[in-house]
Every structure is written in C-alpha cells, then in structure tokens.
Amino acid sequence: ENKIFADKLGIQFIDEDYDVDIWYKKAKGMEFDPERGDRCTMCFDMRLDKTAQYAATHGFDTFTTTNATSRWKDVDQVNRSGIRASKMWGVDYWVYDWQTDRMTERKYEINAENTFYKQQYCGYSFSLRDSNQWRKEEGLEPIKIGTTFYHDPVEDSKEESREVVDAFFNEYDHRNQIRDIKREERRRNGKKNY
C-alpha cells in the first residue's frame with residue numbers, strides 16, 4: 001500500500017527491507033513477549049536503525065516513522081528507538097504527536113479514500129498468533145490475510161479509538177498477569193511451560 005500511495009503522489013519509494021531471518025534470530029526468546037514489550041522495542045530498533053542509516057548515507061537530515069501514528073503502538077517506545085538510531089547515525093529523528101484525534105481522523109480518511117488493505121496485526125507471525133488467540137477468546141473470526149480493506153473512515157477509526165485501545169490493553173495486561181501467575185505455578189510444580 002505504501003508503494004502504491006507513493007506512486008500515486010509521485011514520490012520515490014525506497015525499499016530498504018531488512019533480513020527477516022535476522023529479525024527471527026533477534027526475537028529468539030521473545031516469542032511470547034506481550035505487545036509493546038521487548039520484542040517490539042527490538043523490532044523498532046532494527047527498523048529505525050536501517051532507516052537512519054539510509055538517511056545518513058543518502059543526504060537526508062531528518063527521518064521519522066509511521067509506527068508512531070498508531071494508537072496500538074506505544075509512541076514513547078517508538079520514539080525512544082528513533083532517538084537511539086538518530087544518535088547512532090547523526091541524523092535528526094522527528095518526534096511529533098501523530099496520535100492526536102485530528103491526525104487519527106485524517107489517517108482513516110486517507111485509508112478509506114484509497115481503500116487500503118487493513119492489516120489487523122503488526123505483521124509478524126507472533127502477533128498474528130496472539131491476535132487470533134484474542135479474537136478466538138472474544139468469539140471473533142480469525143484474521144484472514146489480504147481480505148479486509150478500509151472503507152468508512154468513521155467506522156474504521158472506531159477500531160483505534162482511545163477507549164477501544166485502552167480497554168484492550170487493560171484486558172491484555174490482566175490476561176498477561178494471569179498467564180504469568182499460571183506459568184510460575186507450573187514452574188513451582190515442576191511442569192513445563194508451553
């Protein structure tokens with residue numbers, strides 16, 4: 001979608017993809033980290049390091065990321081990764097409050113105007129697994145990759161309202177605490193954690 005939109009706007013799109021195998025090696029041991037946990041920090045660090053490196057070696061003085069636009073992401077966590085990359089490569093990281101109500105509204109208007117694909121997880125298999133587990137617990141259908149698109153900015157934006165995101169993470173934190181308690185009980189009783 002990024003490439004299509006950049007082409008539509010006449011903007012050059014530069015694909016500086018990183019090695020997925022390296023990502024999975026770095027994620028080893030973090031397969032069950034919660035959303036907004038250490039695995040996310042590792043991922044942001046990896047992505048923004050690559051972005052800052054490209055910016056520094058190709059004459060850009062500033063960079064930022066669309067990851068900071070989503071209320072599903074911890075903007076401070078994203079920005080800390082950007083600032084670390086900025087210091088390492090000597091280019092400025094643009095810290096901006098992309099999660100205001102107006103910015104979120106505009107994002108959904110653009111998504112609907114272009115009928116962009118709606119990816120309902122962060123893009124990695126661990127996130128897809130966890131999202132589908134949550135959906136199952138909520139009685140929802142599993143995510144079907146490539147089948148859901150933005151169509152109504154008002155309805156679509158409700159999925160990222162502050163209330164929905166806060167409620168999700170409050171419940172998510174509660175479930176993680178219960179999971180950790182059960183895991184510790186199994187450990188004390190000599191049972192393996194699966």
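1. Ser 127 sits in helix 6, which covers residues 125-137. Leaving out residues up to four places away in sequence, Ser 127 touches Arg 39, Tyr 121 and Cys 122, where a contact means heavy atoms within 4.5 Å.

2. A word on what you are looking at. This is a predicted model, in which local features need pLDDT of at least 70 and side-chain atom pairs count only at pLDDT 80 or more, while totals for chains, interfaces and linings use all residues. Residues are numbered from 1 along each chain as its sequence is written, and side-chain values use heavy atoms, with hydrogens and water left out.

3. Now for the overall layout. The protein chain has eight helices and two strands; here helices (H or I, at least four residues) and strands (E, at least two) are DSSP runs, numbered from the N terminus. Read from the N terminus on, the order is α-α-α-β-α-β-α-α-α-α. The C-alpha trace spans about 60 × 40 × 30 Å along its principal axes. Of the 194 residues in the protein chain, 32% count as buried. Take the contacts between residues at least 6 apart in sequence: 68% of them join residues at least 24 apart.

4. Which residues make up the largest nonpolar core? There are twelve: Cys 40, Phe 44, Leu 48, Ala 52, Ala 55, Phe 63, Ala 68, Val 78, Ala 85, Val 91, Tyr 93 and Trp 98. A nonpolar core is a set of buried Ala, Val, Leu, Ile, Met, Phe, Trp, Tyr and Cys residues joined through side-chain atoms within 4.5 Å. Helix 3 (38-57) and helix 4 (75-89) each supply at least two residues of this core, and helix 3 gives the most, with five residues. A second, separate core has nine residues, including Ala 27, Cys 43, Met 46 and Tyr 124.

5. Have a look at Trp 98, one of the residues of the largest nonpolar core. Setting aside its neighbours within four places in sequence, Trp 98 is in contact with Thr 64, Ala 68, Thr 69, Met 103 and Thr 104.

6. The cysteines deserve a point of their own. A disulfide is a covalent bond between the sulfur atoms of two cysteines. In this model the test is a pair of cysteine sulfur atoms within 2.5 Å, and the structure holds zero disulfides. Cys 43 is buried, with a relative accessible area of 9%, whereas Cys 122 is partly exposed at 33%.

7. Next, the second largest pocket, with a volume of about 160 Å³. On a 1 Å grid over the protein atoms alone, a pocket is an open set of points where a 1.4 Å probe fits, with protein on both sides within 12 Å along at least five of seven lines; lining residues have an atom within 4 Å of a point. Grid points are joined across faces, edges and corners, and the volume is the space filled by probe spheres set on the points. Among the lining residues are Arg 71, Asp 101, Tyr 108, Pro 153 and Lys 158. Helix 5 (101-113) and helix 7 (153-158) each supply at least two residues of the lining. By class, the lining has three nonpolar, three polar and five charged residues. Here Ala, Val, Leu, Ile, Met, Phe, Trp, Tyr, Cys and Pro count as nonpolar, Asp, Glu, Lys and Arg as charged, and the others, Gly among them, as polar.

8. Finally, two loops to visit. Gly 29 lies in the loop between helix 2 (20-26) and helix 3, and is exposed, with a relative accessible area of 63%. Arg 36 lies in the loop between helix 2 and helix 3; its phi is near 75°, a positive value in a residue other than glycine. Thr 115, in the loop between helix 5 and helix 6, has a positive phi of about 45° although it is not a glycine.

Key
Buried < 20%, exposed > 50% of the residue type's maximum accessible area, 1.4 Å probe, protein only.
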